[in-house]
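Me: I am new to this structure. Please take a close look at one part of it, and tie that part to the chain around it.

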Amino acid sequence: MTILIMLLIVLVLLAAGIPIAFALGITAVLFLVLLTDLPLSLMLQQLYLGINSFPLLAIPLFILAGSLMNMGGMSLRLINFALSIIGTIRGSLAYVNVLTSVFFGAITGTSAAASAAVGQIMIPAMIEKKYDRGFAAATTSAGSTLGILIPPSVPLILYGSIAGISVADLFITGIFIGLAVAIGYVVAAYFMTKGQNYEMETQKFSFKLVFEKFVAAIPALLIPIIIMGGILSGIVTPTESAAIAVLVGIIVGFVYKELTIKKLIESLIDSVRNTALVMFIVATATILGFSFSALGIGEQMIAPFMNFADNPIIIMFMASFILLIGGFIFDGTVMVVVLVPLFLPIVAATTIDPIQFAMIVIIVWGIGQQTPPVASGLYITTAIAKVSMLTASKYNIWYILVLIIALIAMIFIPNIMLYLPRLIIE
């Protein structure tokens, strides 16, 4: 009953227009003050401890790196490279959109940055070629989800910090799962564009053009290679690789002659703003998670699951259902910080692979980004496309289906889904 009342208060505060970070913090402090005798100083300590983590230092650095790369003209060169490869195929702009999202996801680490950067270029281009506005918005929004699966994924860093799992192992796994989802998106886009009279690029395919665009995009393409190469070789940690990504982003931006001092300052301001938003949510969500522990809510939620300790598939289905509900209501950051710690003891007490459960959580996070009322990906792309969320959703449902299939596969056939990542990790 307590958790339902807490949830109701959070929803009322959100409906009243209170920012989610404040809604979480107010609810947690209110119940801790009313139902416990814990001092306020302890609550302030939890607020600090929630963000006092070395792995979390990678988050502002990767956010800054993504902003620098967007300001530095990398997104346009990546799109031109993708267009040179598959631009002459019917419905190609949808495939280019997904392919660019793979590239950009491997640079920025966040879905919001990917949807904004790719959307500002690809959505107008798709509309110009007579693609439906809703389809353009849905494809870009779905592609942005690859930013949380493919490293350097900020959500994977956050999860690794909370769950105590190697971020490098999560990155390796995210590469393969992200590429599998991307292939699923391309298949979905193929069936949605089949039979449609969408215009194609007039320029014919040529290896010379591909080579020219590839050379122009080399600095941008090298960034994920540098990041992952450094991590896999053990030369740098994910946090140190984030710092390198910032340095490379600055150098590449000046090499392209598109990153000016003014744009550099804008990137710093934008990154500080976005980092403050994410970290404040993490801090207040930590207090809410602490309140769950102090009020015994965690034990109440875990008890029903332990009845199925010998059947991990049922546990994962139940956990996925609860996380999906949480994803429909809250931002993914809140879902991971508040709900995931409740499930970690269950995962430890069963035969569930921690990496498998991590991927389940991140895929659910991706589904939440595409489904109202949160739908952070759709909010950005529908605004760019100037189309209603309902219109975009009729296309987006097919991309969500790809994520649901990936979720089911991760639950039922983890040995297949994680085969290649395990080979590299081990």
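Reply:

**An exposed isoleucine and its surroundings**

Ile225 counts as exposed, because its relative accessibility is 55% and the cut-off for exposed is over 50%. The model is a predicted one. Ile225 sits in helix H12, which covers residues 207–233. Along the chain, Ile225 and Ala106 are 119 residues apart.

Arg77 itself belongs to helix H5, residues 74–86.

Lys257 is exposed, because its relative accessible area is 75%. Its phi is near 60°, a positive value in a residue other than glycine.

Lys386 lies in the loop between helix H19 (376–385) and H20. At 71% relative accessibility, Lys386 counts as exposed.

Is Ile411 buried or exposed? Ile411 counts as buried, because its relative accessibility is 2% and buried means under 20%. Not counting residues up to four places away in sequence, Ile411 touches Ile313, Met316, Phe317, Ser320, Gln356 and Ile360. Ile411 and Val98 are 313 residues apart in sequence. Their C-alpha atoms are 25 Å apart in space.

Two of the residues that Ile411 touches, Gln356 and Ile360, fall in the range of helix H18 (354–370). Thr350 is in the loop between helix H17 (332–349) and this helix H18. Thr350 counts as buried, because its relative accessibility is 13%. The side chain of Thr350 reaches the backbone oxygen of Ile346, at 3.1 Å.

One more loop deserves a stop. Pro152 is in the loop between helix H9 (146–149) and helix H10 (154–163). A cis peptide bond joins Pro151 and Pro152. Omega there is about 10°.

Now step back to the whole chain. How many helices and strands are there? The chain has 22 helices and 0 strands. Its C-alpha trace spans about 70 × 50 × 45 Å along the principal axes. The radius of gyration is 21 Å. A compact globule of 426 residues would have one near 22 Å, so the chain agrees with that value.

Buried residues make up 54% of the 426 residues. Ile411 and Thr350 belong to that buried group, whereas Ile225 is exposed. Take the contacts between residues at least 6 apart in sequence. Of these, 79% join residues at least 24 apart.

Last comes the surface. The chain exposes about 18,100 Å². Carbon and sulfur atoms supply 71% of this area. As for charge, the chain has 16 positive and 16 negative charges. Their mean positions are 19 Å apart.

Key. Residues numbered from 1 in each chain as written. Predicted model: local features only at pLDDT ≥ 70, side-chain atom pairs only at ≥ 80, totals over all residues. Heavy atoms only, no water. Helix = DSSP H or I, 4+ residues; strand = E, 2+ residues; numbered from the N terminus. Rg over C-alpha atoms; globule rule 2.2 N^0.38 Å. Buried < 20%, exposed > 50% of the residue type's maximum accessible area, 1.4 Å probe, protein only. Contact = heavy atoms within 4.5 Å. Areas by Shrake-Rupley, 256 points an atom, 1.4 Å probe, with all protein chains shown as cover. Lys, Arg positive; Asp, Glu negative; His and termini not counted. Charge placed at Lys NZ, Arg CZ, Asp CG, Glu CD. Polar contact = N/O pair within 3.5 Å; in protein donor to acceptor, adjacent residues only side chain to side chain.
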